[in-house]
Amino acid sequence: MDKKEIYKFIDENAGVFEELSDKIWSCPELSLKEYKSAETYIALLEKLGFKVETGLAGVNTAFSGSFGSGKPVIGILGEFDALSGLSQEAGEASRRELVPGGCGHGCGHNLLGAGALAAAHAIKEYLAQKGPGGGTVIFYGCPGEEGGAGKAFMAQKGLFYGLDAALTWHPDDSNQVSSGSYLSSIQVEYKFEGVAAHAAGCPHLGRSALDAVELMNIGVQFLREHIPTTDRVHYSITDAGGVSPNVVQPTAQVLYMMRSDTVPKAKALVKRVEDIAKGAALMTGTTLKRRFIDGTADVVTNSVLEKALYKNFSEIELPEYSAGEIAFSKALYDTYEKDGLPGFASHFDPEIARFVDEKTDGGKKPQNDFLMPYYHCEVTLPGSTDVGDVSWQTPTAQINTATFPSGVPGHSWQIVSAGKSTAAKKGMLLAAKVLAATAADLFENPELLAEARAEFEKKAAPGYVCPIEEGAVPAIAGEKIE
């Protein structure tokens with residue numbers, strides 16, 4: 001089965017995965033609560049002939065589907081969780097909630113998982129024709145990327161050490177090979193418990209947990225001046241103690257996310273924040289409880305795999321867009337502010353910036369229809385991803401495809417609106433083809449895999465430091481801490 005046959009196979013089976021993407025879009029579920037989505041995937045994996053395992057690493061909605069035998073073993077990573085507060089009608093160029101206050105796929109994970117599975121299905125067909133012992137493909141259903149860190153919990157159990165390589169993708173506004181690292185992140189939730197009292201009649205008898213949360217937040221604001229520029233601290237008050245101002249609030253809860261460019265540095269930042277939390281409890285006469293939520297590692301880049309992905313990317317015909325598709329992209333494009341040129345490399349390389357400027361008419365084109373030049377970097381980019389945890393256990397690389405209008409803000413209603421569009425699905429199938437073709441190269445070319453492994457061994461020599469605390473279990477932020 002050559003690459004042209006792989007592409008043809010993906011096109012012939014496109015409807016299966018377009019339908020899957022739409023199903024996941026239509027039942028958006030938050031991190032670690034993706035029960036219906038997981039059931040949908042598992043049923044399809046079994047129907048397609050994969051050997052399914054569920055409840056991986058003790059995570060209820062984590063699963064895998066494998067096919068083949070022997071080595072190499074190639075992993076394909078899929079995601080399917082949604083975001084809160086982003087319910088939106090599909091195909092609309094204005095904010096219209098589908099379910100008031102509901103969830104929505106504001107990061108395109110409905111497309112991500114379906115496209116990854118389309119790639120795995122094509123690789124399965126390739127291996128079936130190759131015969132027994134020709135290699136193994138494993139599709140990983142990875143829950144909780146948007147707060148839950150499913151891959152990190154899976155990595156804690158060593159699930160990815162047995163892979164020879166891992167490939168994945170993410171919906172975006174551009175066609176590009178992703179490079180660079182991302183910040184390690186750790187989330188911890190803190191609960192303060194005090195004493196309720198009448199705020200006017202006997203305030204001296206009360207001990208305010210809400211005061212403790214506010215003092216903690218103030219302390220962290222002062223901390224910001226004295227942390228490295230690589231560090232970030234964010235918080236959200238998940239329980240303010242109630243709605244009655246005439247009650248001294250006896251309980252309050254705050255969720256903190258702490259980031260740095262490595263896991264050890266992120267853990268050190270957590271320690272400093274927690275000292276502030278202890279101080280806030282001491283100042284207010286309250287008690288402090290904590291709950292570890294999740295953590296993700298920084299990314300180990302692999303230029304060998306990146307170049308292999310780019311080679312296939314450059315050989316595959318890119319989608320063409322109809323007048324109607326471009327018109328819808330333009331309608332969405334006009335609803336948000338843009339921040340510079342598309343493509344991460346345009347921010348680092350002047351020549352690439354000039355190329356992109358010409359291709360996009362100065363960033364004014366609503367739909368990107370070209371391949372960004374390849375650019376490898378070791379820069380730590382904003383944001384975090386649990387793909388980083390996989391990258392510390394096996395050579396890993398990923399791509400982006402243009403599924404959304406140019407310059408679209410991440411985690412937005414515009415992404416939800418575009419999530420079922422024909423343009424988005426074209427990008428999804430493009431990603432499937434690039435991943436499947438690159439996997440075929442890895443099965444056919446042991447030298448390529450050896451080069452990727454050699455680069456990995458050198459860069460990952462310090463060893464994987466898992467951001468997940470010992471004994472921690474997957475937890476959902478915002479739930480009451482007992």
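Me: Is Glu457 buried or exposed, or partly exposed?

Reply: This is a predicted model, in which local features need pLDDT of at least 70 and side-chain atom pairs count only at pLDDT 80 or more, while totals for chains, interfaces and linings use all residues. Residues are numbered from 1 along each chain as its sequence is written, and side-chain values use heavy atoms, with hydrogens and water left out. As to burial, a residue is buried under 20% relative accessible area, exposed over 50% and partly exposed in between, with a 1.4 Å probe and protein chains only. Glu457, with a relative accessible area of 45%, is therefore partly exposed.

Me: Which residue meets the side chain of Glu457 in a salt bridge?

Reply: A salt bridge is a side-chain nitrogen of Lys or Arg within 4 Å of a carboxyl oxygen of Asp or Glu. Here the partner is Arg453, at 3.6 Å from N to O. Both residues lie in helix α14, four residues apart, which is about one turn of the helix; helices (H or I, at least four residues) and strands (E, at least two) are DSSP runs, numbered from the N terminus. Arg453 counts as partly exposed at 22% relative accessibility.

Me: How many salt bridges does this rule give, and which residues are linked in a network?

Reply: The count comes to 24 salt bridges. Glu79, Lys151 and Asp386 are linked in a network of them.

Me: Which side chains meet Arg290 in salt bridges?

Reply: Arg290 meets Glu274 at 2.7 Å, N to O. That pair links distant parts of the chain, since Glu274 belongs to helix α7 (residues 263–284) and Arg290 to strand β11 (residues 287–296), 16 residues apart. Arg290 also meets Glu469, at 2.9 Å from N to O. Glu469 lies in the segment after α14 (446–459) and Arg290 in strand β11, so this pair ties together parts that are 179 residues apart in sequence. In accessibility, Glu274 counts as buried at 13%, whereas Arg290 is partly exposed at 35% and Glu469 is partly exposed at 28%.

Me: How many disulfides does the structure hold, and why is there no bond from the sulfur of Cys103 to the closest cysteine sulfur?

Reply: A disulfide is a pair of cysteine sulfur atoms within 2.5 Å, and the structure holds zero of them. Cys103 itself is partly exposed, with a relative accessible area of 24%.

Me: Is Asn312 buried or exposed, and with which residues is it in contact, leaving aside its neighbours within four places in sequence?

Reply: Contact means heavy atoms within 4.5 Å. Asn312, found in helix α8 (residues 303–315), is buried, with a relative accessible area of 0%. With those neighbours left aside, Asn312 is in contact with Lys3, Tyr7, Val434, Ala437, Thr438 and Asp441.

Me: At what angle do helices α6 and α7 pack?

Reply: Axes are lines fitted to C-alpha atoms, for helices over the stretch in contact, and angles run from 0 to 180 degrees between N-to-C directions. Helix α6 (residues 209–223) packs on α7 at about 140°, with the axes 8 Å apart. Angles under 35 degrees count as roughly parallel, over 145 as roughly antiparallel, 65 to 115 as roughly perpendicular and the rest as oblique, and α6 and α7 are therefore oblique to each other. Residues making the contact include Leu215 and Met216 of α6 and Val273 and Ile276 of α7.
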